[in-house]
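You asked for a quick read of this one before you dig in yourself. Here are my notes, point by point, with the structure up for you to follow along.

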Amino acid sequence: MSDTPFGFGLPPEEPEDGDEGKKKDQQSGGGQGPANPFGFGGLPGAGGFGGPGADNPLAAMFGSLNPTDLGAAFQQLGQMLSYEGGPVNWDMAKQIARQTVAQGTPDGVKDTSVGPVERSAVQEAVRLADLWLDDATSLPSGSGTAVAWSRAEWVEATLPAWQELVDPVAERVGAAMGDVLPEEMQAMAGPLIGMMRSMGGAMFGTQIGQAVGVLAGEVVGSTDIGLPLGPAGKAALLPANVEAFGKDLGVPKDEVRLYLALREAAHQRLFAHVPWLRSHLFGAVDGYARGIKVDTAKLEDVVGQFDPQNPEQLQDALQQGMFQPEDTPEQKAALARLETALALVEGWVDAVVHAAAKPRLSSADALRETLRRRRATGGPAEQTFATLIGLELRPRRLRDASRLWASLTDARGVDGRDALWHHPDMLPTATDLDDPDGFVHREQLDFSELDKMLGEAADKPDLRKKDDGEAEGDDTE
């Protein structure tokens with residue numbers, strides 16, 4: 001469990017007046033203070049949120065803004081407080097994510113539009129990857145199209161999936177905000193509760209927006225965390241991030257792109273042709289998230305001391321860790337289901353991609369190990385995932401799952417291995433990952449034959465009635 005489930009602050013925005021603004025910001029200490037929880041950025045005349053008055057954004061705005069800037073500040077504050085949507089202000093999340101992407105990565109690389117040469121290279125890599133995968137898996141291609149995304153395009157394409165992942169946690173906080181007040185006071189405190197929920201939605205929107213924006217600078221495709229974040233049937237790579245990933249590996253750029261295309265295309269095959277898998281994974285995330293409890297004692301302190309002129313205290317509460325997983329058998333089972341499901345997906349992709357790349361790419365082993373280490377050391381995708389839903393994956397399970405799938409290939413062949421995806425009850429469990437040999441050589445139920453038998457029985461509803469009628473006729477005679 002992460003100590004800061006939503007512990008991302010908002011980086012300072014680009015000054016609107018270019019280089020002069022940067023100089024002013026540096027002179028006033030901009031960017032060195034606490035994170036701005038509301039996305040006001042380095043407001044002109046306020047010295048940014050790292051300058052004078054940084055500890056109280058409202059005091060900073062009222063104390064030094066001219067009338068024009070004051071009106072703009074009121075407008076932004078009004079938009080935040082007037083939000084009446086779900087538990088997360090996703091409009092704000094998208095705005096913050098786009099601003100974070102526009103600022104570039106820490107190494108100074110800015111986001112750029114994808115050109116026709118890069119787009120063509122990605123399409124060719126995915127096309128070739130699909131050809132190679134035909135020999136490594138019985139699942140047909142799941143990539144209807146191959147797309148090359150900029151970081152901003154990745155943000156736009158993946159936000160719907162993030163909403164599905166994060167809303168269950170945010171809903172618990174929104175409900176808890178109203179529950180901490182005594183019932184007789186809730187009617188009188190309606191406006192305050194509404195304001196706090198709007199502020200909470202803004203807090204979550206800011207944190208998630210920043211997290212997604214940072215992640216956009218690191219991911220190489222749409223399936224880096226083992227979940228289908230992009231639209232179905234679209235194999236996507238981010239050329240700028242692919243280049244950054246392979247920069248110091250000493251591997252030709254084309255081989256790096258092709259290997260990453262193999263991973264993306266393999267994920268697409270799995271999610272396209274295992275129709276229950278997406279809902280199974282997202283359901284496991286939802287089940288785990290709904291078992292997270294809010295520290296109501298801490299929230300009561302926040303509500304009791306809530307000061308409309310000091311709204312960043314909600315941000316502080318989030319950063320200090322308000323969420324804890326319930327220590328119940330149900331919650332532990334939900335965690336095991338989620339970790340195992342993600343490990344099985346990643347392990348299958350790792351095994352299938354290695355089988356396809358090993359005979360064809362001299363760098364296959366090196367690239368495979370690089371990606372494994374990236375996951376094992378808590379790469380940006382895993383860290384962001386842990387931060388947003390309070391879950392840390394155990395990389396050990398990924399290697400165990402990869403070994404299990406490879407052993408299944410040796411013992412049962414490609415078709416026998418992939419047949420396990422026909423039904424969720426046929427998949428290995430967490431215990432099976434501890435004893436892969438035992439699972440590989442165990443007899444498996446063939447759910448496809450059972451489904452076939454049930455289907456045939458359903459197609460003959462009158463057969464029993466006819467037999468019964470003939471029997472009754474025999475008796476009367």
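**Notes on side-chain contacts**

1. Before anything else, keep in mind that this is a predicted model. I start with a charge over a ring: the charged end of R278 sits over the ring of F282, 4.1 Å from the ring centre. R412 does likewise with F439, its charged end lying over that ring at 6.0 Å from the centre.

2. Next, the aromatic rings. The count comes to 3 aromatic pairs. Take W348 and W421: their ring centres are 6.4 Å apart and their planes stand at 85 degrees, so this pair is edge-to-face. The cut-off behind that label is an angle over 60 degrees. W348 belongs to helix α14 (residues 329-357), while W421 is in the loop between α17 (395-418) and α18 (430-434). That puts the two 73 residues apart, and the pair links distant parts of the chain.

3. Are W348 and W421 buried or exposed? Both W348 and W421 are buried. Ring pairs also tie W348 and W421 into a cluster with W276 and W405. If you click on W348, you'll find it touching T137, L139, A266, L270, W405, R417, D418 and W421, leaving aside residues up to four places away in sequence.

4. Now zoom out to the largest nonpolar core, which has 96 residues. Which of them touch the most other members? They are W154, W162, L277, W348, W405 and W421. Helix α14 gives the most to this core, with 14 residues.

5. While you're on helix α14, have a look at T340, which is found there too. T340 has a relative accessible area of 8%, so it is buried. Not counting residues up to four places away in sequence, T340 touches P428, T429, A430 and L433.

6. On to the charges, where the count comes to 19 salt bridges. One of them joins the side chains of R360 and D135, at 3.0 Å from N to O. How open are the two? R360 is partly exposed, with a relative accessible area of 35%, and D135 is exposed, at 58%.

7. D254 is exposed, because its relative accessible area of 53% is over the 50% mark. R257 is buried, because its 17% is under the 20% mark.

8. Last stop, helix α17. D400 forms a salt bridge with R397, and their closest N and O atoms are 2.8 Å apart. The two are 3 residues apart in helix α17, so about one helical turn separates them. D400 is buried, and R397 is buried as well. Which residues are linked with D400 and R397 in a network of salt bridges? R403 and D434 are the other members of that network.

Terms used. Residues numbered from 1 in each chain as written. Predicted model: local features only at pLDDT ≥ 70, side-chain atom pairs only at ≥ 80, totals over all residues. Heavy atoms only, no water. Phe/Tyr/Trp six-rings, centres within 6.5 Å; stacked < 30°, edge-to-face > 60°. Helix = DSSP H or I, 4+ residues; strand = E, 2+ residues; numbered from the N terminus. Buried < 20%, exposed > 50% of the residue type's maximum accessible area, 1.4 Å probe, protein only. Lys NZ or Arg CZ within 6 Å of the ring centre and 35° of its normal. Salt bridge = Lys/Arg side-chain N within 4 Å of Asp/Glu carboxyl O. Contact = heavy atoms within 4.5 Å. Core = buried A, V, L, I, M, F, W, Y, C linked by side-chain atoms within 4.5 Å.
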